[in-house]
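Reader: I have a model open and want to learn to read it. Where do we begin?
Author: Let us look at it together.

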Amino acid sequence: MDAISVIRTKRDRGELTPEQIDWVIDAYTRGEVADEQMSALAMAILLNGMNRTEIARWTAAMIASGERMNFDSLSRPTTDKHSTGGVGDKITLPLAPLVAACGAAVPQLSGRGLGHTGGTLDKLESIPGWRAHLSNAEMLAVLDTTGAVICAAGDGLAPADKKLYALRDVTGTVEAIPLIASSIMSKKIAEGTGALVLDVKVGSGAFMKTIEDARELASTMVALGTDSGVRTVALLTDMATPLGLTAGNALEVRESVEVLAGGGPKDVIDLTLALAREMLDAAGLKDADPEKALADGSAMDVWRRMISAQGGDPDATLPVAREQHVVTAPSGGVLTRLDAYDIGVAAWRLGAGRARKEDPVQAGAGIELHAKPGDTVTAGQPLLTLHTDTPEKFDYALKALPSAYDIAPEGTEFTATPVVRERIA
């Protein structure tokens with residue numbers, strides 16, 4: 001077996017054999033296949049695709065490159081959620097403790113932000129003392145005592161994916177649906193959860209810009225999970241507009257705590273509850289009432305225990321950026337569009353995100369939204385507040401915003417896009 005023959009097969013629109021897939025994943029993980037060879041194969045997959053058999057085998061080979069976790073010792077059923085990423089997507093923060101408060105165990109392995117999309121671990125690291133990196137034993141202990149854990153995936157979990165993910169990011173192959181699906185599902189299946197709910201974002205701020213692409217990705221991942229014995233369902237959710245009223249690390253933690261306290265923006269609450277119901281149903285807890293757990297404070301109790309168990313102080317003051325800049329509405333009327341991608345790029349440029357995995361982020365950087373599509377605004381009223389520790393970043397961030405919003409004449413009718421657009425099972 002050699003890398004060139006594998007590349008040629010996919011370059012010429014052929015179907016990779018199970019043996020070719022097993023060999024190339026193993027050889028790449030061990031360093032026998034060079035980055036430039038795997039780059040060529042990834043581009044061939046982006047251009048020519050893979051069928052369901054190939055994707056399933058590719059996913060299995062990545063799982064086999066490392067360890068598989070086991071939660072059989074827990075007394076609760078396990079259920080997890082994965083989002084494909086967006087702007088203002090802080091849903092994991094209130095969702096994990098909420099589902100745990102309803103009787104499930106939530107082993108939430110999360111990632112960091114890259115480019116315009118935020119990362120759950122970056123957000124939580126704005127809480128003083130909180131630790132993202134736990135050993136398998138520590139992760140199990142937190143799960144056992146609190147019912148929920150949010151942490152980084154260990155190095156032993158699908159190491160082939162970790163290596164390939166970094167390569168895709170610098171070779172223009174991130175958007176390949178077979179590679180996105182296998183990347184997500186190899187980690188989630190290896191994680192060992194019994195049920196999985198996928199939040200597949202669609203819109204300008206998502207990797208999937210069209211409903212057709214989002215549907216294809218969701219269907220592929222649901223099939224992979226189902227074939228592997230994991231009860232899997234997907235919701236296609238809107239990411240044309242940022243979720244909630246914040247985009248940034250500490251800003252989003254603050255908003256998540258508001259949701260757990262019984263407040264917060266309606267779209268964040270609605271999506272949190274929709275995903276919670278799906279997770280609990282998939283875990284066999286159909287009678288659980290997440291709305292009640294949000295209202296009676298039990299979800300907040302789990303949040304506080306979970307943060308404390310990972311070294312964080314749930315009562316600590318969150319970081320605040322040293323500098324602010326207010327963007328005002330240029331005219332009065334109805335705000336009809338607030339573009340998630342442009343807001344995400346501006347927040348990233350302020351220091352909330354990173355261009356490379358090794359870049360630091362500012363805990364307090366980001367953007368507050370003072371209006372959402374459908375709201376009436378007046379000329380001169382605050383529309384956005386930009387936050388950063390480095391005011392020289394304001395000019396660069398502001399360059400992303402002139403086309404980020406539309407204001408129509410007062411009285412213009414506006415129909416909001418529902419936050420949940422489709423369900424795929």
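Author: One term comes up at once: contact means heavy atoms within 4.5 Å. Keep in mind that this is a predicted model. Helix H15 (residues 340-352) lies across S6, S9 and S11. H15 runs at about 135° to S9.

Reader: How many helices and strands does the chain have?
Author: There are 16 helices and 13 strands.

Reader: What radius of gyration does the chain have, and what would a compact globule have?
Author: The chain has 21 Å. A compact globule with 425 residues would have a value near 22 Å, so the two agree. Along the principal axes, the C-alpha atoms fill a box of roughly 65 × 50 × 40 Å.

Reader: How do I read a sheet?
Author: Strands of a sheet pair through backbone hydrogen bonds, either parallel or antiparallel. Here, four strands form an open sheet in the order S6-S9-S11-S7, with antiparallel pairing.

Reader: Which strands stand at the edges?
Author: Strand S6 (246-248) and strand S7 (323-328) do. Each has a single partner strand, so one side of each is left without a neighbour in the sheet. From one strand to the next, the twist averages 15°.

Reader: Over how many bridges do S9 and S11 pair?
Author: Strand S9 (residues 366-369) and strand S11 (residues 382-388) pair over four bridges, in the antiparallel sense. Take Leu369: its bridge partner in S11 is Leu384. Helix H11 (residues 249-260) also packs on this sheet, touching S6, S9 and S11. The direction of H11 makes about 135° with that of S6.

Reader: And how do I describe two packed helices?
Author: Two packed helices are described by the angle between their axes and the distance between the axes. H4 passes H10 in a right-handed crossing.

Reader: Which residues make that contact of H4 with H10?
Author: H4 gives Arg52, Ile55, Ala56 and Thr59. H10 gives Thr220, Ala223, Leu224 and Asp227. By class, the contact has four nonpolar, two polar and two charged residues.

Reader: At what angle do H4 and H9 pack?
Author: H4 and helix H9 (residues 177-191) pack at about 45°, with their axes 9 Å apart. H4 and H9 are therefore oblique to each other. H4 passes H9 in a right-handed crossing. Residues in the contact include Trp58 and Met62 of H4, and Leu179 and Ile189 of H9. By class, this contact of H4 with H9 has nine nonpolar, four polar and no charged residues.

Conventions:
Residues are numbered from 1 along each chain as its sequence is written. This is a predicted model: local features need pLDDT of at least 70, side-chain atom pairs count only at pLDDT 80 or more; totals for chains, interfaces and linings use all residues. Side-chain values use heavy atoms; hydrogens and water are left out. Two strands pair if DSSP finds at least two bridges between them. Helices (H or I, at least four residues) and strands (E, at least two) are DSSP runs, numbered from the N terminus. Axes are lines fitted to C-alpha atoms, for helices over the stretch in contact, and angles run from 0 to 180 degrees between N-to-C directions. A crossing is left-handed if the near helix is turned anticlockwise from the far one by less than a right angle, and right-handed if clockwise. Ala, Val, Leu, Ile, Met, Phe, Trp, Tyr, Cys and Pro count as nonpolar, Asp, Glu, Lys and Arg as charged, and the others, Gly among them, as polar. The radius of gyration is taken over C-alpha atoms; the globule rule is 2.2 Å times the number of residues to the power 0.38. Angles under 35 degrees count as roughly parallel, over 145 as roughly antiparallel, 65 to 115 as roughly perpendicular and the rest as oblique.
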